Amino acid sequence: LPTLARLWIMGDRFLIPAVQNLAMDSIYTTLLRPAHTGCSVEQFGEYVRLANAFGNGENCLVDVAIRKLCATTQDCFDLWAPEVPPEMVLRITGLLKRHHEDLNVYNQINLGDREEYYVERRDLSFE
């Protein structure tokens, strides 16, 4: 996966979109596989660091990684999320929020009772 990211970046630098598209085909296919057969945590981490460093993180490499994280299982997310640079976390949150609103689920979730957020009162008397 990191090699494919480098290939995509090289295609951008040398203005060869066909190389970028071929690299993206392979990246997409790799990310489409289940986490245990697609790539390792280390590979994903290196991939997202390369992607985020290129073009201030505004590129298709980042976009596909964010979508993968948002569409993956909880186990995979828990493994891969610590590898994500902090700059990408806000974009992930935004995508999840938009997806959440698109599903119209936000009407079903409420804040709950205010007491749920209270700090426990403790007896400060000395005995």
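## Asn52 in helix α4

Asn52 lies in helix α4, which spans residues 41-53. Helices here are DSSP runs of H or I with at least four residues, numbered from the N terminus. The model is predicted: local features need pLDDT of at least 70, side-chain atom pairs count only at pLDDT 80 or more, and totals for chains, interfaces and linings use all residues. Residues are numbered from 1 along each chain as its sequence is written, and side-chain values use heavy atoms, without hydrogens and water.

Asn52 counts as buried because its relative accessibility is 14%. Buried means under 20% relative accessible area, exposed means over 50%, and partly exposed is in between (1.4 Å probe, protein chains only). Leaving out residues up to four places away in sequence, Asn52 touches Gly57, Val62, Pro85, Glu87 and Met88. Contact means heavy atoms within 4.5 Å.

## Val41 in helix α4

Val41 also belongs to helix α4. Val41 is partly exposed, at 22% relative accessible area. Beyond four places in sequence, Val41 touches Leu79, Trp80 and Glu83. Pro82 is 41 residues from Val41 along the chain, with 9.3 Å between their C-alpha atoms.

## Packing of α5 on α7

Helix α5 (residues 60-71) packs with helix α7 (residues 86-102) at about 55°, and their axes are 10 Å apart. Axes are lines fitted to C-alpha atoms, for helices over the stretch in contact; angles run from 0 to 180 degrees between N-to-C directions. The pair is therefore oblique. Under 35 degrees would be roughly parallel, over 145 roughly antiparallel, and 65 to 115 roughly perpendicular; the rest is oblique.

The crossing of α5 and α7 is right-handed. That is, the near helix is turned clockwise from the far one by less than a right angle. On the α5 side, the contact uses Val62, Asp63, Ala65, Ile66, Arg67, Leu69 and Cys70. On the α7 side are Met88, Arg91, Ile92, Leu95 and Leu96. These residues divide into nine nonpolar, no polar and three charged. Ala, Val, Leu, Ile, Met, Phe, Trp, Tyr, Cys and Pro count as nonpolar; Asp, Glu, Lys and Arg as charged; the others, Gly among them, as polar.

## Nonpolar core

The largest nonpolar core has 27 residues. Such a core joins buried Ala, Val, Leu, Ile, Met, Phe, Trp, Tyr and Cys residues through side-chain atoms within 4.5 Å. Ile27, Phe44, Tyr47 and Leu61 have the most contacts inside this core. Helices α1 (2-13), α2 (17-32), α4, α5, α6 (74-80) and α7 each supply at least two of its residues. The largest share, six residues, comes from α5.

Leu61 touches Ala5, Trp8, Ile9, Met24, Ile27, Tyr47 and Ala51, leaving aside neighbours within four places in sequence.
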